[in-house]
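Biologist: I'd like to learn how to read a protein model. Could you walk me through one?

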Amino acid sequence: RLYDRSLQNGADIGWVLRRLAAVQCDMDEHAAARATLRRYLSLCPEDATEWISLAIVHGELGEFDDSFDCYRRAESLDVDETLLHYNWGLTAERADKLQAAHAHLRRLTAIAADSPQTGNLRGDKRNQQKGRAKKQQGH
C-alpha cells in the first residue's frame, strides 16, 4: 500500500523502489527484494551501489554465481571500491571461496587500510579460522 500511495503522491519511482527493497531486506524478504531491485536496475542500470545491494540479496538467498555477476557489474561502473570489496569479500567467504575472500580483503586493505570495513573483514577472517581450528581439534 505504501508503495502505491507513494507513487500516487508523485514520488520518484526509483526512490520508492530502493526504499521498498531496503524494507524487504530488513524483513528478511530477500526474494521480494531481489525482484524489486531487478525492477529498479532495469530503470537505472548505472547505479553501482544498487548492483551491490542486489549482489548481497543474491548472497542471502545462496545464489552466489548471480551475486558475483552483480559485483562484477558494479565493478564495471563508477563505484565506491571500499563498499564493493568489503561486501564481495564477505559474500565470497559465505560461498566458501576463501581465495577470493582473501583477494578482496587485500584489495580493501590497499585502498582503505584504516576503514572500519577492513577491520571488520579481518575480524571475520580470524573468527572463521579459529572456528575451523576448533573443528579440526574435535571441539
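This is a predicted model: local features need pLDDT of at least 70, side-chain atom pairs count only at pLDDT 80 or more; totals for chains, interfaces and linings use all residues.

Biologist: Where do D28 and D96 lie?

Modeller: D28 lies in the loop between helix 2 (13-26) and helix 3 (30-43). D96 lies in the loop between helix 6 and helix 7 (98-112). Helices here are DSSP runs of H or I with at least four residues, strands are runs of E with at least two, and both are numbered from the N terminus.

Biologist: Is D28 buried or exposed?

Modeller: You read that from relative accessible area: buried means under 20%, exposed over 50%, and partly exposed in between, using a 1.4 Å probe and protein chains only. D28 counts as exposed because its relative accessibility is 60%. D96 is exposed too, at 52%.

Biologist: How many helices and strands are there in the protein?

Modeller: There are 8 helices and 0 strands. Of the 139 residues in the protein, 38% are buried.

Biologist: How far apart are the end C-alpha atoms of helix 6?

Modeller: The general idea is that the expected span is 1.5 Å times one less than the number of residues. Helix 6 (residues 81-94) has 14 residues, so it should span 20 Å, and its end C-alpha atoms are 20 Å apart, which agrees.

Biologist: What caps the N-terminal end of helix 6?

Modeller: D80 does: one of its side-chain oxygens lies 2.9 Å from the backbone nitrogen of T82.

Biologist: How many residues of helix 6 are buried?

Modeller: Helix 6 is mostly covered, with 11 of its 14 residues buried. Among them are L84, W88 and T91.

Biologist: Let's zoom in on T91. What is T91 in contact with, beyond its neighbours within four places in sequence?

Modeller: Contact means heavy atoms within 4.5 Å. Leaving those neighbours aside, T91 touches G59, F64, S67, F68 and Y71. T91 is buried, because its relative accessible area is 6%.

Biologist: How do I read an aromatic pair?

Modeller: You describe it by the distance of the ring centres and the angle of the planes. Rings of Phe, Tyr and Trp (its six-membered ring) pair if their centres lie within 6.5 Å; planes under 30 degrees apart count as stacked, over 60 as edge-to-face and the rest as tilted. Searching the whole structure gives 1 aromatic pair. Y71 and W88 form it, and they are stacked, at 5.3 Å centre to centre with 10° between the planes. The pair links distant parts of the chain, with Y71 in helix 5 (residues 64-75) and W88 in helix 6, 17 residues apart. Both Y71 and W88 are buried.

Biologist: How many disulfides does the structure hold?

Modeller: A disulfide is a covalent bond between the sulfur atoms of two cysteines, and the cut-off here is a pair of cysteine sulfur atoms within 2.5 Å. The structure holds 0 of them. As for cysteines, C44 is partly exposed at 28% relative accessibility, while C70 is buried at 5%.

Definitions and conventions: Residues are numbered from 1 along each chain as its sequence is written. Side-chain values use heavy atoms; hydrogens and water are left out. A polar contact is a pair of N or O atoms within 3.5 Å; within protein, one must be able to donate a hydrogen and the other to accept it, and residues adjacent in sequence count only if both atoms are side-chain atoms.
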